[in-house]
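Have the viewer ready and follow along pair by pair.

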Amino acid sequence: MYVDIGNALSSVATPGVSCDSLERLDERVADAHERIERGITDREFGYAALALPEDTDADVIETAVEPLDDIDVDAVLTVGIGGSALGAATVSGALGPGSAGTFVLDNVDPRRTARLLDDLPLADTAVHVVSRSGTTAETLANFLVVRDAYEAEGVDWTERTVVTTGPDGPLRTLADEEDLPALDVPDGVPGRFSALSTVGLVPAAIQGHDVSGLLAGGQAGRESLSGSLFDCPAYALGAISYALEERGASQHVCMPYSEDLEFFAEWFAQLWAESLGKDGLGQTPVRALGATDQHSQLQLYRAGRHDKQVTFVRPREHPAVPIPETDVEGLSYLGGSTLGDLLDAEFEATEASLAAAGLPNVRVEIDRLDAESVGELLYGYEAACVLAGELMGVETFTQPAVEWGKRAARGLLGGGEFEEADAVAEKQRLLVE
Ligand SMILES: O=P(O)(O)OC[C@H]1O[C@H](O)[C@H](O)[C@@H](O)[C@@H]1O
């Protein structure tokens, strides 16, 4: 992974702004790096995520999905939500379908769920049900609906299902009762940091992707961590994002120039929002796609309120799709190029346009969309996020605000006594009166 913060540095280095000078910032990166290293070594909660490339056993994942070889798997359906869905969606999205298409049920929208279950060839569809807690209402409800659809078609779902969950909870009970292949979530790793584990890699294994390569890429990211933002791409990204946030960049636009990285932008949104949105701080993540969103959002980024950091994410190599020569007047300039050339030109023009307008932007590149590069990209963003959290002084690995809503929803559905549900009921009562 390569990170170029050149276009953002001038914003940070502007004299008189209430932001650390670069030198001081780098000293703080060195301190934070020491803290992070201690956390990784001791496998402390959260920091353990940065040890996943070493701790995840590709063989365990590959062995768990072996029984699926007896079925001609055409599709893999992930049933999970948040960190239990987005890592897998990102990996599979970035690497492409491999031997089976991937689908994700991470919402309880009845229209979408019904349509998806109607369309999927269930006899040839493997299901990966993931919930770290084993209690998340959306995931368990969707799984019950999926099971029912298999039974209605007379297809044995138990032969097609792999579960990944924690040691307790209803999902673990169900896996035990039905004798399903069940993988453990890694200890001490919050869902949004678990892409490079059983949580994120099962669909990739079913699709025949190179799970060891993904972990090797993560390990390259691990080995690149060092005590200076000038030597470590991940920390350059984390430190500049922190510094820009301090300077008013309250929004962080993640703009991949690759359709296959669209899920990556969604994964980034959860990582950044849940980890850093605390104590009145944090950057609101915004998802955009190059070149498409140049034609819808770029006007705002360049000429609207300068409260944004734009981070471009792109592979350096593209498959060659030549644009045919034409003698149509006004189009001849396209002939002889490839779609990749055009995409690159669009990217470079946009980057220059934002820089010329003084909007800080960062460039994150990988060589190509292969297992190693994607593993390194995911690891690099996680390390960037952990570093930014250290610099901001927030509790990166918790999400109390999300949990309030989860408890309230369960309470409202009769899933136990929850004070939060009482608060919602009281608010509804006041609205009615
Ligand atoms: O994996 P689960 O326990 O089902 O949790 C799924 C998701 O639930 C919540 O929304 C949390 O805020 C997320 O961080 C988590 O990834």
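In this predicted model, aspartate 370 and arginine 368 come together through their side chains in a salt bridge, at an N to O distance of 3.3 Å. Aspartate 370 is partly exposed, at 21% relative accessible area, and arginine 368 is also partly exposed, at 32%. Elsewhere, salt bridges with shared partners tie Arg314, Arg316, Asp344, Glu351, Arg363 and Glu365 into one network.

- Arginine 172 and aspartate 184 make a salt bridge whose closest N and O atoms lie 2.8 Å apart.
- Is arginine 172 buried or exposed? With a relative accessibility of 11%, arginine 172 counts as buried, because the cut-off for buried is under 20%.

**The pair of glutamate 159 and arginine 160**

- Glutamate 159 is joined to arginine 160 by a salt bridge, and 3.7 Å separates the closest N and O atoms.
- That distance counts as a salt bridge because the cut-off is within 4 Å.
- Glutamate 159 is partly exposed, with 47% relative accessible area, whereas arginine 160 is buried, with 11%.

**The whole structure**

- How many salt bridges does a search of the whole structure find? The search finds 17, and the pairs described above include the one between aspartate 370 and arginine 368.

Notes:
Residues numbered from 1 in each chain as written. Predicted model: local features only at pLDDT ≥ 70, side-chain atom pairs only at ≥ 80, totals over all residues. Heavy atoms only, no water. Buried < 20%, exposed > 50% of the residue type's maximum accessible area, 1.4 Å probe, protein only.
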